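Please open the model in a viewer and keep the sequence at hand.

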Amino acid sequence: RRPGEAISYAFEDLPLNDWTVLAQTVSAAELPCFTSFVPRSFYEPLFPPASLSLSLSFITLHWLSEAPRLSADAVLAMERHTAA
């Protein structure tokens with residue numbers, strides 16, 4: 001993270017999710033960041049292209065019909081990043 005750069009957390013789940021407990025928990029934590037809730041399926045675009053620095057998913061793999069495959073470009077980009 002660059003100095004002075006804001007941190008933003010986006011929580012994504014299906015639109016029918018009850019967001020109440022999550023919203024209360026985030027609000028009570030008084031985090032020094034921006035938070036948002038994205039009521040969409042992860043099968044849809046959730047954010048504009050090139051707008052994320054890091055994305056984590058802790059529960060989505062069990063919904064996929066097969067393991068994701070990395071493209072050759074993604075592997076090369078990771079190798080360049082770790083070598084720097």
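Begin by selecting Tyr 9, which is found in strand 1 (residues 8-13). Strands here are DSSP runs of E with at least two residues, helices are runs of H or I with at least four residues, and both are numbered from the N terminus. The model is predicted, so local features need pLDDT of at least 70 and side-chain atom pairs count only at pLDDT 80 or more, whereas totals for chains, interfaces and linings use all residues. Residues are numbered from 1 along each chain as its sequence is written, and side-chain values use heavy atoms, with hydrogens and water left out.

**Around Tyr 9**

At 41% relative accessibility, Tyr 9 counts as partly exposed. The class lies between buried (under 20% relative accessible area) and exposed (over 50%), with a 1.4 Å probe and protein chains only. Next, display the contacts of Tyr 9, a contact being heavy atoms within 4.5 Å. Not counting residues up to four places away in sequence, Tyr 9 touches Cys 33, Phe 34, Thr 35 and Ser 36.

Leu 31 is partly exposed, at 40% relative accessibility. The C-alpha atoms of Tyr 9 and Leu 31 are 9.9 Å apart in space, and the two residues are 22 residues apart in sequence.

Which residues form a nonpolar patch on the surface? Select Ile 7 together with Tyr 9 and Leu 31: these form the patch, with about 250 Å² of accessible area together. Patches consist of residues with over 30% relative accessible area and no salt bridge; nonpolar side chains (Val, Leu, Ile, Met, Phe, Trp, Tyr) are joined within 5 Å, and like charges within 9 Å. A salt bridge is a side-chain nitrogen of Lys or Arg within 4 Å of a carboxyl oxygen of Asp or Glu. Accessible areas come from the Shrake-Rupley method with a 1.4 Å probe, and for residues only the protein chains shown count as cover.

**The aromatic residues**

How many aromatic pairs does a search of the whole structure find? It finds two. Select Trp 19 and Phe 37, an edge-to-face pair with 5.4 Å centre to centre and 70° between the planes. Trp 19 lies in the loop between strand 1 and helix 1 and Phe 37 in strand 2, so the pair ties together parts that are 18 residues apart in sequence. Rings of Phe, Tyr and Trp (its six-membered ring) pair if their centres lie within 6.5 Å; planes under 30 degrees apart count as stacked, over 60 as edge-to-face and the rest as tilted.

Trp 19 is buried, with a relative accessible area of 17%, whereas Phe 37 is partly exposed at 32%.

**The loop between strand 2 and helix 2**

Move to Ser 41, found in the loop between strand 2 and helix 2. Ser 41 counts as buried, at 15% relative accessibility. Leaving aside neighbours within four places in sequence, Ser 41 is in contact with Glu 12, Leu 14 and Leu 46.

Then select Ala 50, in the loop between strand 2 (34-39) and helix 2 (72-83). Is Ala 50 buried or exposed? Ala 50 counts as exposed, at 89% relative accessibility. Ala 50 has a positive phi of about 60° although it is not a glycine. Most residues other than glycine have a negative phi.

**The whole protein**

Finally, zoom out. From the N terminus on, the elements run β-α-β-α. Buried residues make up 7% of the 84 residues.
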